[in-house]
Amino acid sequence: MTAVTDILASGRKESSPETIWRRLTRELRENHFPYLLLIPSILCFAALVIYPLANTIIGAFAKTDTVGRAVDFGGLINFRDLIRDKYILSITIQTVIFVFGSVALTVVLSLPLALILNQRFPGAALARALLLMPWAAPLAISSMTWRWIFHDQLGALNYVLNSLNITQARTAWLSDPVLAFACVIFVEVWSSIPFMTIMFLAGLQSIPPHIYDAAKMDGANSWHEFWDMTLPQLKRIIIIVTLLSVIWAFRSFNVIWPMTQGNPFFRTDNSVTYLYKLAFRSLTFGKGYALAFATFVFLLIFSVVYTKVLRSEEG
Amino acid sequence: MSIVVCRDLVKRFGTMVAVDHVNVEIQDGEFMVFVGPSGCGKTTTLRMIGGLETVTTGDILIDGVRVNNLAPRQRDIAMVFQNYALYPHYKVFDNIAYPLRLRKTPKAEIEERVNAVARMLGVQHLLDRWPRQLSGGERQRVALGRAIVRNPKLYLMDEPLSNLDAKLRVQMRREIIHLQRNLGTTTIYVTHDQVEAMTMGDRIMVMRAGKVQQIGAPEVLYNHPANLFVAQFIGSPAMNAFKGRLETDDGKIVVATEFGRLPISDQLLARLKPDRSPTLGAREVICGVRPEDIALDDAPVTPASPEAQVDLVEGLGADAYVSLTVGSITLIARTPADCPPAENQRVTMHLNPNKLHLFDPVTEETLLELPK
């Protein structure tokens with residue numbers, strides 16, 4: 001069976017549109033059953049991914065009404081409004097700090113954790129299972145739990161700190177802009193560690209063990225083994241996982257919204273919580289669409305450049 | 001001066017004894033082969049010498065220094081692994097250069113030495129490739145290069161040829177022998193292949209179930225095996241073995257077997273260990289004879305030259321292996337290929353009375369004196 005995609009790909013090189021169409025219809029006529037089976041997933045994908053995406057892109061370049069419908073072509077008017085928004089610069093900076101801060105911290109914490117869990121020790125299996133705990137609950141629920149832990153009057157954290165005489169006052173964790181920002185990063189890191197650690201662990205376990213023997217015989221100490229063997233062998237996984245984490249952190253809503261809703265004074269907002277506010281609080285859907293579109297384009301460019309740069313390094 | 005000494009070396013994994021009181025001295029510049037079936041402890045012994053396994057009890061001395069507690073990097077030993085163990089993320093040049101980089105060798109010297117080694121091994125055209133782009137033989141050369149580039153005191157080679165195809169194996173075998181002779185560095189080589197052991201080793205240590213069976217030059221092991229295991233492990237096809245009893249015929253000692261009464265030469269008789277000299281009429285033995293020490297013809301059958309039936313003839317070009325049945329026993333004889341007997345033919349066997357091997361049926365130890 002020549003797949004439809006193959007025909008389209010080959011069509012680009014040689015045939016005229018007419019022959020491509022003929023080959024496509026023939027392919028569908030002769031092999032319709034597999035394509036029939038694909039229809040449900042294509043429909044779901046179209047309804048849940050293509051339609052919202054298209055709607056966002058259209059909305060970004062349209063004048064919208066108060067329920068988000070595009071009513072007229074707007075050109076770049078939404079982007080102009082977005083740039084004039086008085087919070088957008090600080091939101092952008094916060095988003096970048098939130099994303100790269102949390103991803104960097106997650107990498108720095110997950111790698112040693114994976115190295116430890118990769119050792120053989122009594123209870124290693126239990127430790128690996130415990131690691132998955134943050135994953136066991138839906139993130140929105142965990143974030144709400146963390147909000148209660150950080151609560152200044154009723155929270156467990158202040159209770160513990162006060163009981164141990166580490167602090168006297170009841171620290172306003174989520175009301176102080178800097179502390180609140182640190183708290184949302186902390187929870188983001190806490191929730192990202194399991195995935196990253198598991199991925200690193202998988203990567204570590206796929207490293208051929210004999211290269212460590214060879215390195216030892218060649219004169220390597222533990223530091224050389226890590227730096228010259230483990231790290232280069234993990235490079236691919238680190239690249240992929242970091243890329244995914246950056247994309248996910250950019251889209252992070254389930255941590256910030258349940259914990260702070262971007263408060264105090266937009267100081268813990270990221271682009272996603274802010275665009276939610278633009279669209280559903282202020283009902284300025286056009287600006288929301290524009291911010292969503294800008295984030296999308298930024299991530300697209302980031303992904304392409306990031307993989308290109310790191311691949312070229314690999315030679 | 002002996003460079004490597006293992007003294008009462010023991011390695012236990014839990015309750016399993018992998019290496020059981022191994023004692024061996026490896027001389028300076030010697031090519032020593034550890035050989036034995038899988039799981040006999042030869043690789044574990046090698047890895048202990050290299051420092052990749054801890055020693056449970058016993059001592060390892062290199063140049064008179066006890067190295068039990070030294071890390072591999074402090075022992076100045078290079079090792080070649082069965083699966084080559086090249087670093088997949090380094091190109092060939094960097095693979096060979098790695099041990100020098102770890103020693104902070106100046107860049108220009110690294111360049112010079114890597115190139116020299118690459119030339120010696122014929123891999124200079126591969127220096128810019130990744131290990132995954134190399135064939136098995138090329139990878140093995142690179143692994144050898146990585147070992148020799150830094151002139152270590154000792155080479156350890158752990159079945160380095162077993163992943164290569166038969167033809168390449170023979171070729172690399174010769175290259176390693178040449179290399180070792182030229183460099184003159186003490187080498188310990190582990191293999192399960194007795195042909196490799198026989199062709200490569202100055203001396204061979206045969207191991208079984210963690211214990212040393214015999215240590216000696218290849219021809220000593222072949223001609224004077226210390227026990228039945230060594231006798232049958234070394235040599236292909238394996239030595240024939242059958243039960244017998246030492247008896248006397250007219251004052252001459254013979255081996256009485258199911259199929260005949262085999263004479264023993266005076267020379268052989270003189271080598272019978274005095275404490276085990278047969279009490280008349282009743283010394284059970286296991287008698288061994290190598291396939292090339294059985295001659296076949298159509299002479300008249302006597303008790304000393306019994307009759308056998310030819311089951312199968314396997315021609316090998318120069319030689320032929322002839323499977324023979326005598327009573328319930330199957331023997332293999334090796335004859336020149338130009339006049340092998342026909343299958344199903346009846347032939348007369350002559351077992352060379354000077355080349356019989358006698359073993360205790362219980363301990364399986366040889367009953368003959370070994371050469372000093």
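Predicted model: local features only at pLDDT ≥ 70, side-chain atom pairs only at ≥ 80, totals over all residues.

User: At what angle do helix 10 and helix 12 of chain A pack, and how far apart are their axes?

Analyst: Two packed helices are described by the angle between their axes and the distance between the axes. Here the angle is about 160° and the axes are 10 Å apart. Axes are lines fitted to C-alpha atoms, for helices over the stretch in contact, with angles from 0 to 180 degrees between N-to-C directions. Helices (H or I, at least four residues) are DSSP runs numbered from the N terminus.

User: Which residues of helix 10 of chain A meet helix 12 of chain A?

Analyst: Contact requires C-beta atoms, placed from the backbone, within 7 Å. From helix 10 of chain A, Glu188(A), Ser192(A), Met196(A), Met199(A), Phe200(A), Gly203(A) and Leu204(A) meet residues of helix 12 of chain A, including Leu234(A) and Ser245(A). An α-helix has 3.6 residues a turn, so residues three or four places apart point the same way.

User: Where does helix 10 of chain A kink?

Analyst: A bend is the angle between axes fitted to the seven residues ending at a residue and the seven starting there. In helix 10 of chain A, a kink of about 40° lies at Ile193(A), shortly before Pro194(A).

User: How does helix 5 of chain A pack against helix 12 of chain A?

Analyst: Helix 5 (residues 88-117) packs against helix 12 of chain A at about 140°, with the axes 9 Å apart. That angle makes helix 5 of chain A oblique to helix 12 of chain A. Among the residues of helix 5 of chain A in this contact are Phe98(A) and Val103(A).

User: How many residues of chain A are in contact with chain B?

Analyst: The contact joins 14 residues of chain A to 17 residues of chain B. On the chain A side, helix 11 (210-218) and helix 12 (222-250) each give two or more residues. Helix 11 of chain A gives the most, with 7 residues.

Definitions and conventions:
Residues numbered from 1 in each chain as written. Chains lettered and ligands numbered in written order. Contact = placed C-beta atoms within 7 Å. Parallel < 35°, antiparallel > 145°, perpendicular 65-115°, else oblique.
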